[in-house]
Amino acid sequence: MATQQKKWVETARRYRTYIKVEKRLSENSVEAYMRDLEQFAHFVLVKWDVPPRKVEREMVERYLEWLYDEGREKSSQARMLSGIRSFFNYLLLNDEIQSSPAEDISAPKTNRTLPDVLTTDEIDRLIASIEVDTVKGRRDRAMIEVLYSCGLRVSELISLRMSDLFFGEGYIRVIGKGNKERLVYFDARTKIHLQNYLSCRADSNPALFVSLKAPYDRLMIGGVETRLRELGKRLNLPKVHPHKFRRTLATSAIDKGMPIEQVQQLLGHQKIDTTMHYAMVKQQNVKLAHRKYIG
């Protein structure tokens, strides 16, 4: 077993470099892929003691059956199968195998629920409730305007730098998942509140959104989430979370007729299937309206 295990370790090391350097996956994604691969490798070694190039389709299927027996969620099973496919596609790319043992194996169907969103009216009320006669208020107003109007992930929001703002052109530079860069335009209202916030900044931190006390560190995800919860509670809005702003923008854009490909580009989704999920909200709303007025 030790000999075959060494081959898995060596191959996994090369694969890690590939997905990190060539595929430009984030550090978190790389670690998740490698954890899943390590578990699969352990299963194969214990059951059959073969190297990566000797893995057969039946072994992958048996592994998926084991995941099912272990009570893993369908989404986890699908993710792990996706990682296995990626690994063997890498081996194919490097001519280490002739065919992938994971090819044409169907992932378990997941019962996806509709995205949880706020209404545009709720967001307007929340934004309007922020007093802008204090530095904190100006920061929070600018922060939420950017979060919502640009459809950012909270990780993208806190990673923004002053140098990512292009007021003349009216856009911001965003570094999304996999270190992929995209340019996102902001509206006139967002520009005004960004300028109001920056006019009262007294620190030299290159980060765009910072804490208000020395040493004026970059805001962290937890800080943004806490502030949004506080604002939501004042208006009796349940569970206000940063990602709800992104979802609301997406469903609103689709509802107003923006092509799904443009919404995908706006949000920085790698796969259009992810964006299509938001279209379900519009379809569901149409059904509800039909039942209400038509019966």
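Ground rules. I number residues from 1 along each chain as its sequence is written, and I use heavy atoms for side-chain values, leaving out hydrogens and water. As the model is predicted, local features need pLDDT of at least 70 and side-chain atom pairs count only at pLDDT 80 or more, while totals for chains, interfaces and linings use all residues.

Entry 1, aromatic pairs. I looked up the ring pairs (Phe, Tyr and the six-membered ring of Trp, centres within 6.5 Å; planes under 30 degrees apart are stacked, over 60 edge-to-face, the rest tilted). The structure holds 18 of these aromatic pairs. Tyr15 and Tyr90 make a tilted one, at 5.6 Å centre to centre with 55 degrees between the planes. This pair links helix H1 (residues 2-22) to helix H4 (residues 74-93), its members being 75 residues apart; I take helices as DSSP runs of H or I, at least four residues, and strands as runs of E, at least two, numbered from the N terminus. Tyr15 is buried at 1% relative accessibility, and Tyr90 is buried at 6% (buried is under 20% relative accessible area, exposed over 50%, partly exposed in between; 1.4 Å probe, protein chains only).

Strands E2 (residues 171-175) and E3 run antiparallel, joined by 5 bridges; strands pair if DSSP finds at least two bridges between them. Val174 has Arg182 in E3 as its bridge partner. The hairpin leaves 5 residues between E2 and E3, and Gly178 in the turn has a positive phi of about 70 degrees.
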